[in-house]
Amino acid sequence: MIKLARNLYKDFEEEYFAWVKEKLKHGKSLIRSINRSTKDCSKYSIDKNDHEAFLRALIICPFAKESRNKFPILKAYYQFIKGKRADPLLINKKSISNILNYKRFMDFSKNNKILREYIIEASKVEVCPYCNRQYIDVFKRSDKGYKAIAQLDHFYPKEQFPLYALSLYNFVPSCASCNQGKSATSNKLIYPFTEKSVEENRKPYFHIQPLNLDQLRGNVLPDISYAFNKDSTKKTQKKLEQAEFLHHKNMYQNHKQFAQRLLRVKRLDNSNYIAQVKDFFPKLSDEEIREVLFGFSGDLEELKQKPLSKLAHDMLDLIKK
């Protein structure tokens, strides 16, 4: 539902790569395993002069276009996950899984915090991007150590695609419900990291269709539907398929009362009311008054910080242009 920036982990990428590279011992056994499995097709082999660059591409974001263009093995593997070719590393699947062992790496601890908790913190995502309903975060416990409420979803499941088991931009911080509901499925979902995250998050996702004045004014519970199921373009259909797979429409019927309260408060969003408030609080801007009214400012960062913010933004047309 909520798109994440293509550089979400930018401040953590180098630190993460250094940790993984050290524990992988510079990836020597991994590269040997890949080269053994691709010895009959030399274009997929990793040249010794490219070991560091390959490891960086794999550990940070192997499905990025620049990574796939530089390393044919990453391009072939990406085509495999998209169902466009056979797995080039199938015979060594177990070997790759043993080397890129997610659990073993995530247990790495530093300053009473494990690596998984560092990744969740580095994302600065506080609300599940799949559902935008539940808080996901890390907090310090009263005794030593930290506790992560969030789970790290492998967008491309590590059991099916072990080469991506430790890839930073394969990790989506999410709530337990969405992570378990998604399970090992990725083909029905749209990859959430994109350079167009701002543009995509501006687009409406939810729509309230008032059937009468009572619904418009919030006197009765409104019906919550999608704002994008009016055409048959491939992109829209894929978005609808994802929404239905994650049960967003049915899930959000549980928030009709939240939507109703917003519709009632919306009655106050008029020039006369704002002028009266400014008589008492002249330093408040119109935007600040609306934020006090609704609890949302319209800043796109709220989508990562406040539950139900996408529904509120779409209903109230709060998105700042």
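**View 1. Lys 238 and Glu 241 meet through their side chains in a salt bridge, 4.0 Å from N to O.** A salt bridge is a side-chain nitrogen of Lys or Arg within 4 Å of a carboxyl oxygen of Asp or Glu. The two residues are separated by about one helical turn because they are 3 residues apart in helix H12 (residues 234–245); helices are DSSP runs of H or I with at least four residues, strands runs of E with at least two, numbered from the N terminus. Lys 238 is partly exposed at 24% relative accessibility, and Glu 241 is partly exposed at 37%. Buried means under 20% relative accessible area, exposed over 50%, partly exposed in between (1.4 Å probe, protein chains only).

The model is predicted: local features need pLDDT of at least 70, side-chain atom pairs count only at pLDDT 80 or more, and totals for chains, interfaces and linings use all residues. Residues are numbered from 1 along each chain as its sequence is written, and side-chain values use heavy atoms, without hydrogens and water.

**View 2. Asp 153 and Lys 182 form a salt bridge, with the closest N and O atoms 3.4 Å apart.** This pair links distant parts of the chain, 29 residues apart: Asp 153 is in strand S6 (residues 151–154) and Lys 182 in helix H9 (residues 176–182). Both Asp 153 and Lys 182 are buried.

**View 3. Glu 159 and Lys 158 are joined by a side-chain salt bridge of 3.3 Å, N to O.** Glu 159 is exposed, at 54% relative accessible area, whereas Lys 158 is partly exposed, at 28%.

**View 4. Salt bridges link Glu 200, Lys 203 and Lys 235 in a network.** The structure holds 16 salt bridges.
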